[in-house]
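Visitor: Could you walk me through this model before I start on it myself?

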Amino acid sequence: MRLILIGPPGVGKGTQAQRLAEHLGIPQVATGDMLRVHVRDKTDLGKQAQSYMNKGQLVPDDVILAMAEARLREPDAAGGFILDGFPRTVPQGVGLGVILKRLDVTLDAIVAITVKQDVILTRLVARRSCVQCGAVYNLVVKPPKTMGVCDACGGAELIQREDDRPETIRKRFAVYQEQTFPLLAYYRPTGLLREVAGGGTVDEIFNNIVAALPGKPDQD
Ligand code: AMP
């Protein structure tokens with residue numbers, strides 16, 4: 001299955017993409033996570049991307065498209081993938097179309113998760129991630145078992161992402177409205193777009209997404 005997951009920052013896209021990847025046995029391709037690894041490792045790409053990311057702006061399309069194509073050419077993506085956070089602009093959607101043609105594959109669904117801005121602000125301000133392994137928590141809806149300690153690796157440094165500060169969140173939401181939301185109109189004519197309400201619990205949203213997928217695989 002080849003899927004795109006679209007949604008505003010903080011809608012729970014990453015969490016859902018991870019669960020879907022496990023459920024469907026295909027990799028999650030998250031451009032934000034890939035960029036954060038570059039930033040952490042201080043690669044040239046990371047240095048180029050960092051200033052955009054810290055300001056809540058989008059990294060240029062050509063940089064993202066090159067990174068995404070390289071990832072989609074890796075063997076584990078041959079049988080399918082979940083795109084999380086990509087494409088993020090209409091030109092990226094067009095570029096993805098070109099990449100998929102080169103790979104001789106087609107998309108099965110585009111899932112758009114929708115939610116109100118105030119819900120998102122509350123969620124993102126409470127988001128923390130582990131410095132050591134990148135695992136993501138939410139102090140309100142998904143806290144670690146022991147406060148301040150990562151469940152996954154035991155790391156004791158759970159930090160707020162630089163771009164999860166309230167003023168940057170507002171900027172990222174505005175960027176979503178202006179640059180990413182138009183992708184829904186771009187994909188609507190394909191008949192592959194599925195819009196899913198993102199206001200419930202992680203399990204509810206997951207079940208709604210699975211129910212919206214073509215072929216309706218078994219829910220868990
Ligand atoms: P995310 O983890 O998906 O919220 O992404 C964090 C940041 O990485 C975004 O605010 C952008 O600066 C950058 N980024 C991630 N994916 C893309 C993309 N597809 N296009 C442009 N910038 C991106």
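Predicted model: local features only at pLDDT ≥ 70, side-chain atom pairs only at ≥ 80, totals over all residues.

Visitor: Okay, how many helices and strands does the chain have?

Guide: There are nine helices and eight strands in the chain; helices (H or I, at least four residues) and strands (E, at least two) are DSSP runs, numbered from the N terminus. The chain is as compact as a globular protein of its length, because its radius of gyration is 17 Å, close to the 17 Å that the globule rule gives for 220 residues. That radius is taken over C-alpha atoms, and the rule is 2.2 Å times the number of residues to the power 0.38.

Visitor: And what does the C-alpha trace span along its principal axes?

Guide: The span is about 45 × 40 × 35 Å. Of the 220 residues, 45% count as buried, where buried means under 20% relative accessible area, exposed over 50%, and partly exposed in between (1.4 Å probe, protein chains only).

Visitor: What share of the contacts joins residues at least 24 apart?

Guide: Among contacts (heavy atoms within 4.5 Å) between residues at least 6 apart in sequence, that share is 68%.

Visitor: How many bridges join β5 to β6?

Guide: Strand β5 (residues 127-130) is joined to β6 by three bridges, and the two run antiparallel. Across this pair, R127 stands opposite N138, and S129 stands opposite V136. The hairpin of β5 and β6 has five residues between the strands, and there G134 takes a positive phi near 85 degrees.

Visitor: What about the other neighbour, β7?

Guide: Two bridges join β5 to β7, again in an antiparallel arrangement, and the bridge partner of C130 in β7 is L158.

Visitor: Are the faces of β5 covered or open?

Guide: Both faces are covered, with R127 and S129 buried on one side and R128 and C130 buried on the other.

Visitor: New topic: where is T31, and what does T31 touch?

Guide: T31 is in helix α2 (residues 31-40) and is buried, with a relative accessible area of 4%. Not counting residues up to four places away in sequence, T31 touches I64, M67, D84, G85 and F86.

Visitor: Now the glycines, where does G154 sit?

Guide: G154 is in the loop between β6 and β7, and G154 counts as partly exposed because its relative accessibility is 46%. From G154 to G46 the separation is 108 residues in sequence and 27 Å in space, C-alpha to C-alpha.

Visitor: Is G215 buried or exposed?

Guide: G215, found in the segment after α9 (202-212), is exposed, with a relative accessible area of 75%. G215 and P144 lie 71 residues apart in sequence and 35 Å apart in space, C-alpha to C-alpha.

Key. Residues numbered from 1 in each chain as written. Heavy atoms only, no water. Pairing = 2+ DSSP bridges.
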